[in-house]
Amino acid sequence: MTGSVALHTPTRDTPATQPVTSQAFRDVFAQLPAGVTVVTTSGPGAVEPSGMTASAVCSLSLDPLLVLLCLNNHSNTLARLKATGSFAINILRNDQAHWAEQFADSRISQAARFARTPHHHTDGVPVLTEALAWLTCKVAQTHPGGDHTIVTGHVRTLGSGHGAGAEPLVWHSRTFRTLA
């Protein structure tokens, strides 16, 4: 957004507003807890797999079964996902913050990320073996979304059970948290 919005003078019943900036936007959304996932895909022609940490992931439809995720336009994982047309969403457990960090760290190569993380292939894409739950999907559509691409996917296979009874990893206020 360009420009700024005038500050609102708070009354006893209304909180203060702030200028609309990208930082203020980030600060507001930092207050919304989100589950933490690792999105994975294979490279074209069986090239090494690719994966990244993502929290902008949600269910979209029950009929048909669809998911929605948002990935940075400059992501190598997005480029490979578009090339192969398939991906997995791996939902992390509360004790897997180290996986979220390594799949978010651009200094760690894709090969090293997967070498450090137990995984297997299901439906042609890498699935993190010890994830809380996972889904494999075929890309349904992609849509521009500013500096991100919105991806919808048809669910093909899914599973759960590793760490039965475990809690999910949550991202809130710029830190990993667990459910109370």
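This is a predicted model: local features need pLDDT of at least 70, side-chain atom pairs count only at pLDDT 80 or more; totals for chains, interfaces and linings use all residues.

**The hairpin and its surroundings**

Author: Two residues lie between the strands of the hairpin formed by E9 and E10, and in this hairpin Gly146 takes a positive phi near 70°.

Strands E9 and E10 run antiparallel and are joined by 12 bridges. Within this pairing, Leu135 has Leu158 in E10 as its bridge partner. On the side of E9 (residues 133-145), the pairing with E6 is antiparallel over six bridges; here Phe87 has Cys137 in E9 as its bridge partner.

Strand E6 in turn pairs with strand E2 (residues 37-41), again in the antiparallel sense, over four bridges. The bridge partner of Val38 in E6 is Asn90. Of the six residues of E6 (residues 86-91), five are buried, and the strand is therefore largely enclosed by the rest of the structure.

The largest pocket has a volume of about 1400 Å³. Its lining numbers 32 residues, and Arg26, Ser55, Ala56, His148 and Trp171 are the closest to its centre. Strand E10 (148-160) and strand E5 (65-72) each supply at least two residues of this lining, as do helix H1 (22-29), strand E3 (50-54), helix H3 (97-104) and strand E11 (170-172). The largest share, four residues, comes from H1. By class, the lining of the largest pocket has 19 nonpolar, 10 polar and three charged residues.

The second largest pocket holds about 250 Å³ of space. Its lining consists of 16 residues, and those nearest its centre are Val57, Cys58, Ser59, Ile91 and Leu135. Two or more residues of the lining come from each of strand E4 (57-62), E5 and E6. Among these, E4 gives the most, with five residues. The lining of the second largest pocket divides into 11 nonpolar and five polar residues, with no charged residue.

Definitions and conventions:
Residues are numbered from 1 along each chain as its sequence is written. Side-chain values use heavy atoms; hydrogens and water are left out. Buried means under 20% relative accessible area, exposed over 50%, partly exposed in between (1.4 Å probe, protein chains only). Two strands pair if DSSP finds at least two bridges between them. On a 1 Å grid over the protein atoms alone, a cavity is a set of points where a 1.4 Å probe fits but cannot get out, and a pocket is an open set with protein on both sides within 12 Å along at least five of seven lines; lining residues have an atom within 4 Å of a point. Grid points are joined across faces, edges and corners, and a volume is the space filled by probe spheres set on the points. Ala, Val, Leu, Ile, Met, Phe, Trp, Tyr, Cys and Pro count as nonpolar, Asp, Glu, Lys and Arg as charged, and the others, Gly among them, as polar.
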